[in-house]
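Reader: I would like to learn how to read a model like this one, feature by feature. Where do we start?

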Amino acid sequence: MIHTCHHCGQKNRIPVRHLADIGRCGKCKAPLPPVSKPINVDATEFDDIVQQSPVPVLVDFWADWCGPCRMAAPYVAEVASAMAGEAVVLKVDTEANPQLSARYQVRGIPNFIVFRNGRVVAQQAGVVPAEQMMQWIRTAKNS
């Protein structure tokens, strides 16, 4: 994953296992905060992050044409910001990645799955408030 330094603009490659860590810019050595926005991923990136992340991973399965998905997007972004360093938030476009939807039996969207150590620990379809998503993550951290 690529993380751009806010101080000097340098693009830094961040290993997926360190997305929730504070790093340092390779050029100016300024701190690089943990990822605090949802990450759009394909199947390969999804597998890498879910398997290697030391923190829980919330995945939003969505599609551009889906009204409820658009309603849920600000909540997903809020969770990514509020839980930066404690969780990683991914977005999977079900139209572009139907194999992932099939793998996790996603039949309705938006559909949210929380992973911990590569395992599904929670899954729910439908729009839910950010606080509910954060509670899933907190529960996953303790499991």
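Author: We start with burial. Buried means under 20% relative accessible area, exposed means over 50%, and partly exposed lies in between. Keep in mind that this is a predicted model.

Reader: Apply that to glutamate 131. Is glutamate 131 buried, partly exposed or exposed?

Author: Glutamate 131 has 45% relative accessibility, so this residue counts as partly exposed. Glutamate 131 also forms a salt bridge with arginine 138. The closest N and O atoms are 3.0 Å apart. Arginine 138 is partly exposed too, because its relative accessible area is 31%.

Reader: What is the general idea behind a salt bridge, and how many does the structure hold?

Author: Side chains of opposite charge can pair when their charged atoms come close. The structure holds four salt bridges. One of them joins arginine 103 to aspartate 47, with 2.7 Å between the closest N and O atoms. This pair links distant parts of the chain. Arginine 103 sits in helix α3 and aspartate 47 in helix α1, 56 residues apart.

Reader: How accessible are arginine 103 and aspartate 47?

Author: Arginine 103 has a relative accessible area of 41%, so it is partly exposed. Aspartate 47 is at 28%, so it also counts as partly exposed.

Reader: Now lysine 91. What is the salt-bridge partner of lysine 91?

Author: Lysine 91 pairs with aspartate 60; the closest N and O atoms are 2.7 Å apart. Again the pair spans distant parts of the chain: lysine 91 is in strand β7, aspartate 60 in strand β6, and 31 residues separate them.

Reader: Are lysine 91 and aspartate 60 buried or exposed?

Author: Both are buried.

Reader: Let us turn to nonpolar cores. What should I expect in general?

Author: In soluble globular proteins, nonpolar side chains tend to be buried together. Here, the largest nonpolar core has 27 residues. Phe46, Phe61, Val88 and Leu90 have the most contacts inside this core.

Reader: Which elements each supply at least two residues of this core?

Author: They are α1 (43-52), β6 (57-62), β7 (88-93) and β8 (111-116). Helix α1 gives the most, with four residues. Apart from this core lies another, of 18 residues, among them Ala72, Val76, Val79 and Val128.

Reader: Next, aromatic rings. How many aromatic pairs are there?

Author: The count comes to six. Consider phenylalanine 61 and tyrosine 104, a tilted pair: 6.4 Å centre to centre, with 50 degrees between the planes. The pair links distant parts of the chain, 43 residues apart. Phenylalanine 61 belongs to strand β6, while tyrosine 104 is in the loop between α3 (98-103) and β8.

Reader: Why do phenylalanine 61 and tyrosine 104 count as buried?

Author: The cut-off decides. Phenylalanine 61 counts as buried because its relative accessibility is 0%. Tyrosine 104 is buried because its relative accessible area is 15%, and buried means under 20%.

Reader: Which residues do ring pairs link into a cluster?

Author: The cluster consists of Phe46, Phe61, Tyr104 and Phe115. Phe46 and Phe61 were also named for their contacts in the largest nonpolar core.

Reader: What about the backbone? Where is there a cis peptide bond?

Author: Isoleucine 109 and proline 110 are joined by one, with omega about 0 degrees. Proline 110 lies in the loop between α3 and β8. Glutamine 105 lies in the loop between α3 and β8 as well. Glutamine 105 has a positive phi of about 50 degrees, although it is not a glycine. Its relative accessible area is 54%, so glutamine 105 is exposed.

Reader: And what is the phi of asparagine 117?

Author: Asparagine 117 has a positive phi of about 55 degrees, and it is not a glycine either. Asparagine 117 sits in the loop between β8 and β9 (119-125).

Reader: Last, the surface. Which residues form a nonpolar patch?

Author: Met71, Tyr75 and Val127 do, with about 270 Å² of accessible area together. Tyrosine 75 is in helix α2 (residues 67-82). Tyrosine 75 is partly exposed, because its relative accessible area is 34%.

Notes. Residues numbered from 1 in each chain as written. Predicted model: local features only at pLDDT ≥ 70, side-chain atom pairs only at ≥ 80, totals over all residues. Heavy atoms only, no water. Patch = residues over 30% accessible without salt bridge, like charges linked within 9 Å, V, L, I, M, F, W, Y side chains within 5 Å. Areas by Shrake-Rupley, 256 points an atom, 1.4 Å probe, with all protein chains shown as cover. Salt bridge = Lys/Arg side-chain N within 4 Å of Asp/Glu carboxyl O. Buried < 20%, exposed > 50% of the residue type's maximum accessible area, 1.4 Å probe, protein only. Core = buried A, V, L, I, M, F, W, Y, C linked by side-chain atoms within 4.5 Å. Phe/Tyr/Trp six-rings, centres within 6.5 Å; stacked < 30°, edge-to-face > 60°.
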